Amino acid sequence: MEKNIKLMINLRRRLSLHAFYLSSGLALEAAAYPKPGNVHRLHDFSDIKFEDFLIASGVSQMHMLRGLRRGMLLAKGIMLVNVYGDLIKDIVTESMRISGGGNTNLGSSLLLVPLSIALGYLRVNNYEIELKNLLITARDLLRKYSTINDAVNYYKAVRAASPSYIRATDNTGEMPNVWDPEFISKIRSRGITLWNVISFSSMYDLNSNEVVQGYPRSLELTIYLLNRLRIHGEWNRAIVETYIYQLSRENDPVIVRKYGSEEAAYVRDEARKLMHCVDDWLTCREKVAALDEKLYERKVNPGSTADLIAVVVSLYSLWRQRRLIRFSNSSSS
């Protein structure tokens, strides 16, 4: 009996820690500076402040824990009618309600919640996290277990966040437009699951595409972050470098939808120029800061890139689990 109690206490502690690791990326990504075009500790937006991300990180932790527990239920063969969607909705709406600010975590929640389910499903029986297996499992479980209720609640999350680039005039094909007043009845009558929704969205939305593909960018960027830390061991610099690296690789979909492909290509090309100077950080940081000011003045924000980097930090935290921001090769073993 006493042994079972200790095992239960250890399991709860382990799940709580993993919920923290998953939520940590929301705060640690936002803290890194200068990140061209996005909120950080030296730049706020009119509706979103740096502190809003700290609140969102704290709020998301309890919902990551709910996700871990649901994953454990799925592993036992217990079917659920609410798996993903209400977690995403609760993270978004409660973060906004508590902070009083705008949307900080719709995109990142779509990426993180499936990871919490997968972690619980895999039982987290030891401290070694095999990231590639976790990411593929997150994708496969969402495809298998997401429900109609999940789709309804995800729509509610999007409506609450109200991103300016999602419009009532958007052509959504067989999927109900998020602003359609009859979206609930249409989702239910057509049997649309959350997997159906993000599969459709993956054609133009980076976060949806990332989940559907099994998080390939996230894995590559986590490795990139780790390698930069092994080179110089400077936490803030490594986060900014990883952000710039992703920004240089593809057009940010948020910029595309808000400002057009030409503006997105400009930001991508500017990031590519910065990639030539990352090994000379004193010079490069000035150039990164200059681009940050330019994009801030133009109100151009690579929101999808920021969401992705937040998830990368969470994955790094899951792998690392100690001395997260004080990296050295001597302490990495």
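Where is arginine 323 found relative to helix 15? Arginine 323 is placed in the segment after that helix. The model described in this report is predicted.

## Arginine 320 and arginine 323

Helix 15 spans residues 303-320, and arginine 320 belongs to it. Arginine 320 has a relative accessibility of 2%; because buried means under 20%, this residue counts as buried. A polar atom of the arginine 320 side chain lies 3.5 Å from the backbone oxygen of arginine 323. Arginine 320 is also 9.7 Å from leucine 226, C-alpha to C-alpha, although the two are 94 residues apart in sequence.

Arginine 323, in the segment after helix 15, is partly exposed, with a relative accessible area of 48%. Its phi is positive, at about 45°, although arginine 323 is not a glycine.

## Lysine 299

The loop between helix 14 (281-298) and helix 15 contains lysine 299. Phi of lysine 299 is near 60°, a positive value in a residue other than glycine. Its relative accessibility is 65%; since exposed means over 50%, lysine 299 counts as exposed.

## The tyrosine 33 to proline 34 bond

Which kind of peptide bond joins tyrosine 33 and proline 34? The bond is cis, with omega at about -10°. Proline 34 is located in the loop between helix 1 (2-31) and helix 2 (50-75).

Terms used. Residues numbered from 1 in each chain as written. Predicted model: local features only at pLDDT ≥ 70, side-chain atom pairs only at ≥ 80, totals over all residues. Heavy atoms only, no water. Helix = DSSP H or I, 4+ residues; strand = E, 2+ residues; numbered from the N terminus. Buried < 20%, exposed > 50% of the residue type's maximum accessible area, 1.4 Å probe, protein only. Polar contact = N/O pair within 3.5 Å; in protein donor to acceptor, adjacent residues only side chain to side chain.
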